[in-house]
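The sequence and the model come first, and my entries follow.

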Amino acid sequence: MVQLILESLFNGIAIGSVLLIAALGLAIVFGLMGVINLAHGELMMLGAYSTYVTQLVFKLPALKPFYNSYVIVSLMVAFLVAAVVGILLERSIIRRLYGSPLETLLATWGVSLILQQFVRSVPLAYASGIIIALLIGLIVPLIVPHDLLSHRRNRLIKVGSLGGSVLVGLLSANWLSTSISRLGRASARNVDVTAPSWMRGGLDLWGITFPVTRLVIIVITIIAVISVTWFLKQSVWGMRIRAVTQNREMSECLGISTKKVDVLTFGIGSGLAGVAGVAVSLLGSVGPNVGGSYIVGCFMVVVLGGVGNLLGTIIASFAIGIMTDLIGAGRLLSIWPDMPSPLASTVDFFATTSMARVLVFALIVVFLQFRPSGLFPQKGRMVES
Amino acid sequence: MKKTLINRRLFPLIIWITIIASIIAAPSLLPVFRLNLLGRYLSLAIVALGIDLIWGFTGLLSLGQGIFFALGGYCAAMFLQLNSSANLPNGIPEFFGLYGIQSLPFFWEPFKSPLFTFVGIWLIPSLVAALLGFLVFRNRIKGVYFSILTQAALLVFFNFFNGQQKLINGTNGLKTDVTELFGQMVGSDSMQRMFFWITALLVVFAWFFARWIVYDRFGNILKGIRDDESRVRFTGYNTTIFKTIVFAIAGGLAGISGALYTVQSGIVSPQFMTVPFSIEMVIWVAVGGRGTLLGAILGAVMINYAKSLVSEALPASWMFIQGGLFILVVTVLPEGVLGWLQSDGPRNLLSRLGVSRPLSTYPGLEEKSHDEVRL
Amino acid sequence: MTSPQLELRQISVSFEGFLALNDLSLTLQPGELRAVIGPNGAGKTTFLDVITGKIRPCSGDVIFKGKSILGIREHKVARLGIGRKFQSPRVFEKLTVHENLAIAVSKPKRPWSLLISKLTERQRTQINNLMSIVNLQSKVNVPAGSLSHGQKQWLEIAMLVGQDPDLLLVDEPVAGLSDEESELTADLLKSLSGDHTVLVIDHDMEFIRRLESSVTVLHQGHVLCEGSMKDIQHNPKVIEVYLGQQQEVSK
């Protein structure tokens, strides 16, 4: 009995932690910037593909000895890839649409379509090349000494760094496509990320087997949540981000660069989507549509938890996770076998993953009847004005 | 009033004449395959009209119109299946046999009646919309939250229909092209020709209906809700009821549209309730011109026509084009093509090109609503 | 003595611990014209929010025409006969002047009657009268968004009158108006009182003086004092609240 409850609790937390890591970035972008990013799922998809590419790179002879640690490297790679694409998205499109969330929603949906088709039609090697070029193009201006940029030949330096990043991108694309032939061809087919040997199998405790993959995902989620909380509450930039959220004009007057804050916030939110992509890639096969199946669940988490509230997001994702598992796996029946038969047949009716979703959504709508702004609503005059 | 390059009244008239002329000419000019495609696109124009009512006029962006579209389609398909299964074992549609079902599920029963089906096609979706809308609007859930919830509802309906093989044939959907109506195959050329005419007629009828809704004070209240809902409320109007009504109307239109689409495409399936399809509907209205009823019709027909042309020639590129359209229409063409033509669009373009003098004000700067939740 | 039109009994509102209104009581007699003044943050707008049902107070009661209207939704409050003009003019900018007024004067305000019926002859005359009162006859078919700031203020006042409420709540009607316009507004509001009960909130002392009404001073969510403009100006507490702040500023 205790075992059963424990097992179902673990499963619920496992489902919830995937939801949480996926919704975390969304909650930041939505809660702090008021931006609905429907391309969030596709940023996750990019993270998942980054894991795949990283894994293949680690299979090359030179890196083979370190193969077991590729997951840790891919976390960073995925974060960077998704963050770069996210920043590009923010600078090019979303920046123009601040204050009109419905328009942002439609534009980001357009972006998500383009990204999906992009991974179908462009070979992964070249996609990686483009991202590497973007990454270098973004980083070079940050690390080049300031004096050099204000030099009168700064145009030359700019052109040089641009050309350099394009060149590096091209070279790496070329190298990837020749050394890993699988990356050289465009394909719409799903790919599989194989977990390193230490992540396979399970951990036996109290007579229950805990799959290691799930445990790793829970750990990743915990680390992500803690570092985001620390960053927002303790660091200087975190404080600036919160300041801009509360009063944009005032922050500008105080000399905070709202442009930098926007880029940073969106970059972090997108990067977290990339990290979520790593988690997702460990659970199943990776395809262009992998993100789409998570996005609605993520939004439900954010709405249920109350927008702009990290604690609400955490509680909501675990609540949804546990409920989905309880209903979807028909676990209620095994916990309480002598259920009266009409109730039992109802429980049985909802005992599939998709029907569990139906019921969980219905419960969320019922819940919103009593608490329209979620678990932890924002209060005060600011909300309506 | 400002002069525009194209007269506000004359311009829609020209478009109408063109539309009606081409509808009349189409059956004799087009082969049945193309005519059938055109008929399908015209039926999609009806759901687009509904979206224009709720989004263009009332400011409610629903991403779940696929629910009502599919419900209408299922109503029609259930009737057609029952209508032609009298000679089958147990007198029930064939697919039930695959799952070992002997008797008809209870909710199929009323669809034996043509009258019930005829009413149900629009009434059932609008009742579902009214219920869903009321529960959401009652709590002042609006803006993006409404969009997210409609999208989630869509996913729920998709999962339900997709998972219930024994009730509604699950992911396979219900076929209509091999069913019979008035002793003829629904998929036959003559029936398809007839459906084309019915669709064309209903599009015109739906346009008149939508125009009646938005023409006078009711429509002004809707626009008021879009631009400043709480002001409408403080003037003494119950905005919840207004929004519920218009959402139900849009649901009903979607149901009619879905039924017409189903009989012309030969099948209804949970694919009608996928997330991308419902968002696609929004882009038809956005490109055509939200807030202009004619724009919704034109957008639906033109974009779908373009989609079939592009998909035939270059299948991979349609996603890029569609994605680009979404971005383009919100960043540079928020009023849509028709709205752009009717406002100062052409004049501004000419002035950019140096042909005539630019206007001193920039339109669109003042279009911020007070009520959108901004964080 | 007649029963009061509106009575606020010990209203308190708190936003996450901050007391926006603190034990506020106020009584308006039918036909009275009352001005409410107070420094920034005194809770003037919040107190209108409470009357119109936008905010629920955490304690206290609002009595309108002898009945409590606490917890009634905004549109019902409006139908009971309380009209509100907002701080910054909020008219429907995409609609014409005529359409704006038609929304205000339409009765009943049910969806079905709006769909099937047209404006009655009486309502048309009413709209025309309203437009002539606020000098907008020449702008009948102009979108309200293209009116000047002052014209929008007046249109909103006209809409308010068109609703035919018993109690008019007018929030800063002369903000951004010229002296001449605000004089006209004051006369308009004065002429409305008598038939209607009018409550005006404003900063502009010249305007308040011209209303020749009794004045209520709010301070930190509480009624500081009530009386004629003359009494108020010599009240030491008011001087402290207003001038005391000025002294701090000048230091």
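I count a residue as buried under 20% relative accessible area, as exposed over 50% and as partly exposed in between, with a 1.4 Å probe and protein chains only. The model is predicted, so I kept local features only at pLDDT of at least 70 and side-chain atom pairs only at pLDDT 80 or more, while totals for chains, interfaces and linings use all residues. Residues are numbered from 1 along each chain as its sequence is written, chains are lettered from A and ligands numbered from 1 in the order in which they are written, and side-chain values use heavy atoms, with hydrogens and water left out.

Entry 1, cores. I looked up nonpolar cores, meaning sets of buried Ala, Val, Leu, Ile, Met, Phe, Trp, Tyr and Cys residues joined through side-chain atoms within 4.5 Å. The largest has 268 residues, and those that touch the most other members are Leu106(A), Leu53(B), Trp55(B), Trp108(B), Trp284(B), Leu101(C) and Leu155(C). Helix 2 of chain B (residues 32–57) provides the largest share of this core, 15 residues; helices here are DSSP runs of H or I with at least four residues, strands are runs of E with at least two, and both are numbered from the N terminus. I also noted a second, separate core of 28 residues, which includes Phe47(C), Leu48(C), Val50(C) and Val77(C).

For Trp108(B) I listed the contacts, that is, heavy atoms within 4.5 Å. Not counting residues up to four places away in sequence, Trp108(B) touches Met78(B), Gln81(B), Leu82(B), Pro93(B), Phe95(B), Phe96(B), Leu167(B), Ile168(B) and Leu174(B).

Entry 2, chains B and A. How many residues of chain B are in contact with chain A? I found 43 residues of chain B in contact with 45 of chain A. Between them the two chains bury about 4,100 Å², 76% of it on carbon and sulfur atoms, where buried area is the accessible area (1.4 Å probe) that two parts lose on being put together, summed over both.

I then searched this interface for salt bridges, which require a side-chain nitrogen of Lys or Arg within 4 Å of a carboxyl oxygen of Asp or Glu. The rule finds 1 across the interface, and I located a salt bridge between the side chains of Glu103(A) and Arg290(B), at 3.1 Å from N to O. On the side of chain B that touches chain A, the elements that give two or more residues are helix 6 (144–163), helix 11 (275–288) and helix 13 (317–331) of chain B. Helix 6 of chain B gives the most to this side, 12 residues. By class, I read 26 nonpolar, 12 polar and 5 charged residues on this side of chain B, with Ala, Val, Leu, Ile, Met, Phe, Trp, Tyr, Cys and Pro taken as nonpolar, Asp, Glu, Lys and Arg as charged, and the others, Gly among them, as polar.

The search over all chains finds 24. One of them joins the side chains of Glu280(B) and Lys307(B), at 3.0 Å from N to O. Because Glu280(B) lies in helix 11 of chain B and Lys307(B) in helix 12 (residues 293–313) of chain B, the pair ties together parts that are 27 residues apart in sequence. Glu280(B) counts as buried, at 8% relative accessibility, whereas Lys307(B), at 26%, counts as partly exposed.

Glu183(C) is partly exposed at 38% relative accessibility, and Arg210(C) is partly exposed at 33%.

The side chains of Arg209(C) and Glu206(C) also meet in a salt bridge, at 3.1 Å from N to O; both residues lie in helix 8 of chain C, 3 residues apart, about one turn of the helix. Arg209(C) is partly exposed at 35%, whereas Glu206(C) is exposed at 55%. Finally, I traced a network of salt bridges that links Arg140(B), Glu229(B), Arg233(B), Lys243(B) and Glu74(C).
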